Every structure is written in structure tokens, then in C-alpha cells.
Amino acid sequence: MIHFENVTKAYPSQSRPALESVNLDVEKGEFVFLVGPSGSGKSTFLRLILREERPSDGRIYVAGRDLARLTNWKVPQLRRRIGCVFQDFRLLPGKNVYQNIAFALEVIGKPRRFIRKVVPEVIDLVGLEGKADRMPDELSGGEQQRVAMARAFVNRPMILLADEPTGNIDPATSIGIMKVLDRINRTGTTVVMATHDAAIVDSMRKRVIELEYGKVVRDQSRGVYGQAY
Amino acid sequence: MRAQFVFSEVWVGLRRNLTMTVALVVVVAISLSLLGTGLLFVKQVDHTRALWQSRVQLSVYLCSNTPLSSQCVKNGPATAAQIAQVRQTLEQLPQVTHVTFLTHAQAYAQFKQEFRNEPVMISNVPAGDIPASFQVKLKNAQADAANVTAAVTGMPGVDSVNDDSAILNNFYRLLGGARDAVIVVAIILIVAAILLVANTIRLSAFNRRRETAIMRLVGASNFYVQLPFLVEGMIAGLFGWLVAVGLLIGARTGLDGLQQYFPFPVQLSLADLLEVVLITMLIGLLLCGTTSFLTLRRYLRV
């Protein structure tokens, strides 16, 4: 599903590359934790998958596409197959829960009948039954993150990227968020989650990829966060 | 679905920076109406020029009892033979289409008719002072006047040659100057309009950066992301154009009002107005559309 081949990403203003000769494979339906200290290259890794950045060297394949050969106007099609969740939720404050989720479908031109059918389904999936009419500022952080996950998942992406989704959320609520991510993963969606949350990584017992200074230093199939931290 | 989404976004965008939108509409309206006025001016000048071109003639005055040139003073009034000679010369020139002879008596009658409101003038000018003349029609009043003038000037019996178009040329120069001034101001305003469009779109893009960031993230196509902004700029342009059309129709009515002061038709046909209105619409839409598009390419990259 995601295939990195000797990928290096160097930013012009920095002496050390953000990613250096990264080789890895993420299979369809996998759940992967991406761990490592700040600046280790996790965000760059995610941005490369979305093609917000292009690698300085090496090849990246996402959902069977060679990103180097993807023309600019085809990038939106790639992004429709990838859902994204962030630490800061990124909801539209002027729209309620339903509208925030529907927005993701409206802007890719989905018919209204389809939207009316799938949005309530996904609201149920993330556990926000009965809260479709709430505005983001009426929701708790955990609930807002559920809305963001619903928005990321509503178009049934093949891959879900989560960049520290529990970073702004207390541990008890984080468990709920992880349950939703797990549920999404069980539908066959590949999940890649960058995180600093050792407790969550240790409890989930999923594959762990550890980055340090832009290099993969550990890739364990049923890993833990690691002793050093 | 798509159209509804785009228009609701456009509506939100226009409302959110209302002051900029109003400024944009006003500037587009003024610049387009000035440009339209300039174009109407051009048409008006063309029309009157064509009208006068057919009437303009060369007057070849013959020596009379009160001559102007030294030649006439020396030789006295033109003789019948000299007059015949001048007529023959004129009629043989290829640039001349028509020659009419105006006798003393006819010229005096015409003079009295033209100055009928100024009896003092008439009583002070004796009949013999008004010279007989040849009224010469030219094929091309602009180009041929100098040649024909040269051909007959200095001939025995010829007092002076007067080119009507020389007077009209001054008038045209004045009109042309006014037209150029209007167009220059219009162009300056159009530059201002372009900058305003760019700024409005930039503000709009900034106001909706959250929305556009999410649109890009979920894979909305470039077209879909940019269309609301493009339509926004063009709708503002369209409103400006509508105001400009109102002003132009007012200008045409004003021109009609001037009709009473002119002995020839000055009003423009509806077809002329329509043409100018369409040209300004195209310019307005093109201006707003292209500027929005170019601005977006800078501020809304994938």
C-alpha cells in the first residue's frame, strides 16, 4: 500500500536531511505506529505520502501509484484515497458536525443523495450519535477529534494518516479515539499513526516503526514504544 | 449540487469582505464607463467626420473691388476670361469632383442670410465687398486640399483660397484630445481595478484558508478549489459592468440632449451603444477573470 524505496528528503535550509535512505513497506490493512522524537522525520514521512512534498531522492509508491510520475492535476485523486487526522482537529468553526463531514464530500462533487446516506453512518461509526447538529465549539476535544476522523473516513480512503491524533487529548479520552481508529482499521483501511504516546503504543501491540534523525532505527511487528523514552 | 456549492461559497466570500467588494464594483464601474465613454467619443468623432467630409469644400475667392492679395490690388477685379480660365483649371484637376460658381449677388444674398441677426454687420458691408467664388468639392477633403490650393493660388483673378477642413481639423483635434484624455484616465483606473481585484481575491483566499486547506487535503480538484474565487471576482466585475451600462445609457441620453445645439445629427445609434456595452462587458469579465486566476495561482497552490 505504501512503499518507500531509498527515500531521502533534504530541505535546502537544513544541513541534515529530514529523511535519509528510508526503505519500508506498509501492507494493505496494516496498523502502523510511527514513533520517534520531534524532528526525527515523522511529519515529513506523512507529507511525502500525501505528496505535499517530493522526495529529494528515491521512489515512493502509494496505493499502487508512483508519486514521482503523478502529475499535479492528478494529486487530488491520490488524496481522495488518503484520509488525514491532525493533532489540532482542523474543523471548520462555522459548520456543525454534519456539515463538517459533508464538506469533504461536497468539495469532491459527490451527489447530495450519497452524502445524506453516508454521513449519518460515519457519525455513528465514530460514536457521535445524536450530535450531528452540534457546532465544534460545543464539543469536547475528544469529540472534535471524532468528527475529524469521521471526515477523514467518510470517503472510505484506502489509507488513514493520523499525525499525533491524541496529542491534545487526555489519556482516558485517547482510549476512545484509539478504539475508533481500530474500528476503521478493521474495515480494511491501512492506518499510519505518528505518536509520542507510549501508553497507547504499548497497549495496542501493533507494528512500530521508529525514526531517529531521519533514519529507520527499528521496525517491529508487535512492538512497544521503546525503553529509551 | 456542484453549482449550488460553488454559489454558496461565492456568496459567503463576497459578503465576508463586503467593503472590498463594494470598492471593487465602484472602481470597475467607473473605469468601464470611462472606457465606454471614450469608445462612444471615438464613434461620435467618426460619425461627424464622415458627415462633414461630404460637405467640406474649398472656396476659391476671386478678385473683387476690395481685394486682399497684392495681385488683385494690381490687376483689379477678375475679368470674365480669368474666371473662365480658373474654372477650366479647377475642372481639369483629377481631385476635384464638382465646381460651382457663386456670383457676387448670390454670395451677398448668402452673407445676408447668415448674418440676418446682426443688421449692423450687414449695413456696414457693401454688396461689392463680398467676392464671387468657386465652391470646389474634393474627392478627399483631407488629402487633396493642399494640392488644389497650390494649383490655383496666384492665378490671375484669384484672390485667396479658403479650406473649410482646416477649421474642422482644429475642432477634431480638440475632440481627439478630449477622447485621449478620457481613455488615459480609463486605463489608469483599469490598472487600479486590476490591483483591487487581486487584493480582494487575496483577502478572500486568506479569509477562507481553513476551508481551502481542507479542500486540498480531502482531494478537491484545483478547479473546484479555485472556482468560487474566480466566480467571485467575475461577479464583482459583472456588477461593476451593470453600473457602467447605466452610466453609459445616461451619457447617451446626455448626448441626445445636446442635439438642439447642433444643426447635424449627433446622437449615436442603439447599435453603437450596444457594441460599446458589449465591448466593456468583455473587457470587464476578462479583466476580473484573468486577474483572479493569476492571483489564485500565487496564493492557492496544490
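Ile214(B) counts as buried, at 4% relative accessibility, where buried means under 20% relative accessible area, exposed over 50% and partly exposed in between (1.4 Å probe, protein chains only). Ile214(B) is found in helix 9 of chain B; helices (H or I, at least four residues) and strands (E, at least two) are DSSP runs, numbered from the N terminus. Leaving out residues up to four places away in sequence, Ile214(B) touches Arg90(A), Leu92(A), Phe103(A) and Arg151(A), contact being heavy atoms within 4.5 Å.

A word on the model: it is predicted, so to speak of local features takes pLDDT of at least 70 and side-chain atom pairs count only at pLDDT 80 or more, while totals for chains, interfaces and linings use all residues. Residues are numbered from 1 along each chain as its sequence is written, chains are lettered from A and ligands numbered from 1 in the order written, and side-chain values use heavy atoms, with hydrogens and water left out.Now to the interface as a whole. Here 18 residues of chain B are in contact with 24 residues of chain A. The two chains bury about 1800 Å² between them, 65% of it on carbon and sulfur atoms; buried area is the accessible area (1.4 Å probe) that two parts lose on being put together, summed over both. Across this interface the rule finds 1 salt bridge, defined as a side-chain nitrogen of Lys or Arg within 4 Å of a carboxyl oxygen of Asp or Glu. Arg216(B) forms a salt bridge with Glu52(A), and their closest N and O atoms are 3.9 Å apart. On the side of chain B that touches chain A, the elements giving two or more residues are helix 1 (2-16), helix 9 (209-217) and helix 10 (222-258) of chain B. Helix 9 of chain B gives the most, with 6 residues.

| Residue | Relative accessible area |
|---|---|
| Ile214(B) | 4% |
| Gln145(A) | 0% |

Gln145(A) is found in helix 5 (residues 141-153) of chain A. Among the residues that Gln145(A) touches, not counting those up to four places away in sequence, are Val85(A), Phe86(A), Pro165(A) and Ile177(A).

Chain B has a helix 5 as well, at residues 104-114, and its buried residues are Ala107(B), Tyr108(B) and Phe111(B). They cover an arc of only 100 degrees around the axis, which puts them on the same side of helix 5 of chain B; the arc is that of the directions from the helix axis to the C-beta atoms. An α-helix has 3.6 residues a turn, so residues three or four places apart point the same way. The buried residues of helix 5 of chain B pack against strand 2 (96-102) and helix 6 (119-124) of chain B.
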